Amino acid sequence: MRWRGGVPREVRGDVERLTSGDIQAELGERATLVQFSSAFCQPCRATRRVLGEVAAMVPGVAHVEIDAEARLDLVRTLNILRTPTVLVLDASGRVVRRASGQPRKADVIGALGQAVGE
């Protein structure tokens with residue numbers, strides 16, 4: 001499992017669609033990076049930095065961090081099993097990629113390419 005950690009995987013089956021009300025923040029114009037974190041998670045801090053850099057680099061992309069402990073309802077609905085977990089949403093809020101563990105910057109940029117249709 002360790003070798004797959006952080007690699008964004010395509011979401012298959014029933015695809016979740018999240019709204020700005022679900023994540024309690026505005027969706028990005030082109031895509032949204034949703035990060036589920038916990039307070040004492042060291043990889044969450046590094047993930048926050050990577051996702052923030054990517055969101056600043058790509059116009060129309062938003063980064064939203066959600067405290068998993070505070071939003072257990074959403075964690076259960078989305079079957080979040082560990083932190084950090086990153087969901088890549090397209091402009092309509094559909095989850096197109098999902099990664100558990102700390103993602104690499106290049107993998108996040110590649111996942112965004114699918115979300116924005118490039």
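Student: Why is E53 called partly exposed?
Tutor: The relative accessible area of E53 is 33%, and partly exposed is the class between buried, under 20%, and exposed, over 50%, with a 1.4 Å probe and protein chains only, so E53 counts as partly exposed. This is a predicted model, in which local features need pLDDT of at least 70 and side-chain atom pairs count only at pLDDT 80 or more, while totals for chains, interfaces and linings use all residues. Residues are numbered from 1 along each chain as its sequence is written, and side-chain values use heavy atoms, with hydrogens and water left out.

Student: How do you know that E53 forms a salt bridge with K105?
Tutor: A salt bridge needs a side-chain nitrogen of Lys or Arg within 4 Å of a carboxyl oxygen of Asp or Glu, and the closest N and O atoms of E53 and K105 are 3.0 Å apart. The pair links distant parts of the chain, since E53 is in helix α2 and K105 in helix α4, 52 residues apart; helices (H or I, at least four residues) and strands (E, at least two) are DSSP runs, numbered from the N terminus. K105 has a relative accessibility of 32%, so K105 counts as partly exposed. R49 belongs with E53 and K105 in a network of salt bridges.

Student: Which class does each of R71 and D73 fall into, buried or partly exposed?
Tutor: R71 has a relative accessibility of 13% and therefore counts as buried, whereas D73, at 48%, counts as partly exposed. Their side chains meet in a salt bridge, with 3.5 Å from N to O. By the rule for salt bridges, the count comes to 6.

Student: How do you know that C41 and C44 are joined by a disulfide?
Tutor: A disulfide is a pair of cysteine sulfur atoms within 2.5 Å, and the S to S distance between C41 and C44 is 2.3 Å. The structure holds 1 disulfide, and both C41 and C44 are buried.

Student: Why is the disulfide of C41 and C44 called right-handed?
Tutor: The torsion about the S-S bond is about 85°, so this disulfide is right-handed.

Student: What makes P84 a buried residue?
Tutor: The relative accessible area of P84 is 1%, so P84 is buried. P84 is found in the loop between α3 (72-77) and β4. Leaving aside neighbours within four places in sequence, P84 is in contact (heavy atoms within 4.5 Å) with residues including C41, P43, C44, T47, A99 and S100. The C-alpha atoms of P84 and Q42 are separated by 9.2 Å, although these residues are 42 apart along the chain.

Student: How do you know that strands β4 and β5 pair?
Tutor: Two strands pair if DSSP finds at least two bridges between them, and 5 bridges join β4 (residues 85-90) to β5 (residues 95-100), which run antiparallel. One of the pairings is between L87 and its bridge partner R98 in β5. The two strands form a hairpin with 4 residues between them, and G93 in the turn has a positive phi of about 95°.

Student: What span is expected of helix α4, and how far does it reach?
Tutor: The expected span is 1.5 Å times one less than the number of residues. Helix α4 (residues 105-116) has 12 residues and reaches 17 Å from its first C-alpha to its last, close to the 16 Å expected. G117, whose phi is positive, near 80°, follows α4. The buried residues of α4 are D107, V108, A111, L112, G113 and A115, and they pack against β2 (31-37), α2 (42-57), β3 (61-67), β4 and β5.

Student: Which residues have the most contacts inside the largest nonpolar core?
Tutor: A nonpolar core is a set of buried Ala, Val, Leu, Ile, Met, Phe, Trp, Tyr and Cys residues joined through side-chain atoms within 4.5 Å. The largest has 15 residues, and those with the most contacts inside it are L33, V54, V61, V88, V108 and L112. The elements giving two or more residues to this core are β2, α2, β4 and α4. Apart from it lies another core, of 14 residues, among them V34, V64, A68 and I80.
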